[in-house]
Amino acid sequence: MSDDFDLLETNSNEKTEKVDVNWGKAIDTMKSKLAQEDDPESRQKILNATLDDVVNMAEKDRTTLLDAIKDLTDYQDEVGILFERFSSLNETEQKVIDDAQKALERAKVELEDAQNKPDTWWNNLWGRKSKIAKAEQALKDAEKVRAGADNKAKAMFQERIESADVQTLLSELSYKSQAAVTRLKNREVEIKEVEEKLKDAIVEASKNHTKALEKKKETEAKLEEQYALLKQARQALEEIVDKQSAEYSEALSKVTTLEQKVEELEGLKNAYTTLAASKDSFVHKHNLTIKVLTSLRSNLQTHRAKLKSDTDERLKYYDGYVVALKARTDQEFAAILEHLGVKTDEHIGETLASMHTASAKARQEMMDNIPVHEKVMQGVYGSYAEALSEIRAKDVDIQKNFAERYGIDMKEIFEDYYAADANAPSGDGDNAPAPKKEDTSNDDLLG
């Protein structure tokens, strides 16, 4: 067995990783909210449902989904899941993070460039130190902006989903489920790696347990040997009569040395005994941890497989739900159109019926008014005939007057005027006949 093995050696260079996860109470809150969703009146709601009820139910679905998305997002923060890696940001929201990251990297480069300029009086004269100070402040500002970028993007996301429709919220829930599948898979891999390390640790602990027992056995052998020597030394010391002699002093010194040796070996024996027990204990602890991790990994596999399969099915299920909501809207729209159509038909029917009634009444009124119109027109025609008779009589006098005074035959002047009138005066000059008495009958007026 190698003597360079020492389980009591302390290695100060070993690094330990601190795991600090704030689990919070978000998951309990979500469970409590989900438990409150049980409604004993749901059957009655289904039996008595109307299209208007469906609207309220769909809005409740949207509100419930919205609350769930918010709770999931808060839960992500509490358990340390990075928001931008586990939630669907749109282009604008993601740009807030990307721009802040780019600005931070640019500030680092500018500070490095400023610091890399040689510290010479010439560079200092041209503001090297002030440029460094300015770059350092710019870096602090960029770090501050980057630190708040995630929260700003999250706030924008929360504000966006406040008014999101059911389809958008369902897509977000599906996205989170798909991201969770990936997360569970990564966790399984992590657990598997730890299991392998623990298996190695069991082997190492077993070896150290065996070595500790071997060292303990060696120490016990040395201790038995020292016990025998100490017994002999003490007996020799008792046999010396002169307690003031040099012989007695030498014997006493030998006893003291052997007692120290025995004490050291006793300490080593106890140490190796404790180490052996500790290593044996850790063999069992590691073994128990492996069993627990294996069980957890198995459960994660079950959840992951079910979540992945269910998510694929839910996407179809959600599609059906969204289409059903749209169909409900279309049905309501069709009902509105049908109602409007019926009302329009009624209005048009009323208008057409009124139009026919009004037309018949107008015809009757027209027929009733014909005698009245005829009586009025007789008066008009009579007045016209009377006026025309006077005009013609006066025309004869004018022709006669012109013929007597100027010797002008007026026949040609008036001929065109009376060309279409059979009763126009005829004759030349003084031979013009006297005007004929007008007949006021209808036949004459229509001739």
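I take helices (H or I, at least four residues) and strands (E, at least two) as DSSP runs, numbered from the N terminus.

**Entry 1: the model**

I am working with a predicted model, in which local features need pLDDT of at least 70, side-chain atom pairs count only at pLDDT 80 or more, and totals for chains, interfaces and linings use all residues. Residues are numbered from 1 along each chain as its sequence is written, and side-chain values use heavy atoms, with hydrogens and water left out.

**Entry 2: overall layout**

I read the order of elements from the N terminus as α-α-α-α-α-α-α-α-α-α-α. The count is eleven helices and zero strands. I looked up contacts next (heavy atoms within 4.5 Å). Of those between residues at least 6 apart in sequence, 81% join residues at least 24 apart.

For surface I used accessible areas from the Shrake-Rupley method with a 1.4 Å probe; for residues, only the protein chains shown count as cover. The protein has about 32400 Å² of accessible surface, and carbon and sulfur atoms account for 54% of that. I call a residue buried under 20% relative accessible area, exposed over 50%, and partly exposed in between (1.4 Å probe, protein chains only). On that scale, 23% of the 447 residues are buried.

**Entry 3: helix α5**

With 26 residues, α5 reaches 37 Å from its first C-alpha to its last, close to the 38 Å expected. The buried residues I noted in α5 include Glu93, Val96, Ile97, Ala100 and Leu104.

**Entry 4: salt bridges**

My rule for a salt bridge is a side-chain nitrogen of Lys or Arg within 4 Å of a carboxyl oxygen of Asp or Glu. That rule gives ten salt bridges.

An α-helix has 3.6 residues a turn, so residues three or four places apart point the same way. Lys95 counts as partly exposed because its relative accessibility is 48%; Asp99 is partly exposed too, at 33%.

Which residue forms a salt bridge with Glu188? I found Arg304, the closest N and O atoms being 2.6 Å apart. This pair links distant parts of the chain, with Glu188 in helix α8 (residues 166–239) and Arg304 in helix α9, 116 residues apart. Glu188 has 4% relative accessibility and so counts as buried. Arg304 is buried as well, at 19%.

Glu196 bridges to Lys199 with the closest N and O atoms 3.7 Å apart. They sit three residues apart in helix α8, and are therefore separated by about one helical turn. Glu196 is partly exposed at 34%, and Lys199 is partly exposed at 37%. Salt bridges that share partners join Lys192, Glu196 and Lys199 into one network.

**Entry 5: Arg146**

I located Arg146 in helix α7 (residues 128–162). Its relative accessibility is 16%, so I log Arg146 as buried. For polar contacts I need a pair of N or O atoms within 3.5 Å; within protein, one must be able to donate a hydrogen and the other to accept it, and residues adjacent in sequence count only if both atoms are side-chain atoms. The side chain of Arg146 makes such a contact with the side chain of Asp150, at 3.1 Å.

Key. The expected span of a helix is 1.5 Å times one less than its number of residues.
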